[in-house]
Amino acid sequence: MDYKNEGNCPHGHGAAMPQAEGGVRPPRILAWETTGACNLKCKHCRGSSTEDVSEGELSTAEAKKLLDDIRETGTPIIILSGGEPLMREDIFEIARYGTDLGFRMTLATNGVPVTEEVAHKIKDAGIQRVSISLDGREKTHDAFRMIPNCFNDSMKGIENLKKAGVEFQINTTVSKFNLHEIEDVHNFTKEIGAAAHHFFFLVPTGRGAELTEFEITPEEYEVALELLHDLSRKTDLQIRPTCAPHYFRILRQRAKKEGIEITPKTHGLDAMTKGCLGGISFGFISRNGDVNPCGYLPVSAGNVRQQSFKDIWENAKVFNDLRNYDAYKGKCGACEYKTVCGGCRARAYSETGDYMEEEPLCSYYPEGY
């Protein structure tokens, strides 16, 4: 992507934005679950999606009004997500409307529905990057996505995007299921010409809550993030761990050990961002208009059918709680890295019912704690 300053986005990096009146930063990235319908049956699905369109999804008119309301806060990157957003008949109308409002519109798809015709519609709607989910090579990916030949169908979608001149990135969900394949899938991502590779560490929500056998331990989590850090130092492809805020602690620990100052010159975009940005500069809008800090933290800040997005973003209790690092509990509250890491608030909520509690997958203990 052509943003140069900072970000924590599944589709690239957004420029730093000025403080809003009252001291609340405008959102930089918003993920919007445009539909709950999906053509796949992924084991880890956050939204427990099925092939059926769920009741209460925002209409075309409501979708456009939402984009109008978001425009009052600025021009964040908009991620059209799902389910599978391409199962929504008006998705290109919505994307074009957002493009014309000045948003950087992106699309998160499993790639299977991306025919040559669809790829050209994506291009014509002004969508600037598409993310495709690949969790490994063919055997691993098909097993995780629960549909035979899904890998090959996704690869056809990628080829169609390339022919249409649409930039794409690969998203990989990390779990015990594919932990040993991280470097291999990254090498494959480079081979096929992706613009970036983002690793999503499994958060136990939706159908993913049932995958206890696929949850990695704190020690495995640390090893995986160390590996990603090493990969980032030797690859020319942008790597981004997501739902893995400890990466930014590790980055600083490694730099200190090596006597390296963290700057944009030495660490690129990683020098200008932090770990968990849920409710801080990132937000999630559900299929029925609920606004959450992220898609894995099902705590509603309000609903866009009853309130303006701007009002929700600036005044919701959950958002203002998450912006107050001094109120974080346990190890996270005592940690010297809390302003660059923050711990995964969704994972804390899933384990304890309190999004301000300490991150359960972190093996680091602050000095003197």
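Glu-33 counts as buried, because its relative accessibility is 3% (buried means under 20% relative accessible area with a 1.4 Å probe, protein chains only). The model is predicted: local features need pLDDT of at least 70, side-chain atom pairs count only at pLDDT 80 or more, and totals for chains, interfaces and linings use all residues. Residues are numbered from 1 along each chain as its sequence is written, and side-chain values use heavy atoms, with hydrogens and water left out.

Glu-33 belongs to strand β1, residues 29-33 (strands are DSSP runs of E, at least two residues, and helices runs of H or I, at least four, numbered from the N terminus). Its C-alpha is 4.4 Å from that of Gly-82, although 49 residues separate Glu-33 and Gly-82 in sequence.

Helix α4 (residues 138-145) packs against helix α5 (residues 150-164) at about 105°, with the axes 8 Å apart (axes are lines fitted to C-alpha atoms over the stretch in contact, and angles run from 0 to 180 degrees between N-to-C directions). The angle therefore makes α4 roughly perpendicular to α5, a term for 65 to 115 degrees. In this contact (heavy atoms within 4.5 Å), Glu-138, His-141, Asp-142 and Arg-145 of α4 meet Cys-150, Phe-151, Asn-152 and Ser-154 of α5.

The second largest cavity has a volume of about 120 Å³. A cavity is a set of points on a 1 Å grid over the protein atoms alone where a 1.4 Å probe fits but cannot get out; lining residues have an atom within 4 Å of a point. Its lining has 15 residues, of which Lys-331, Cys-332, Cys-335, Cys-341 and Cys-362 are the closest to the centre.

Key. 1 Å grid on protein atoms, 1.4 Å probe; cavity = no way out; pocket = protein on both sides within 12 Å on 5 of 7 lines; lining within 4 Å. Points joined across faces, edges and corners; volume = space filled by probe spheres on them. Parallel < 35°, antiparallel > 145°, perpendicular 65-115°, else oblique. Buried < 20%, exposed > 50% of the residue type's maximum accessible area, 1.4 Å probe, protein only.
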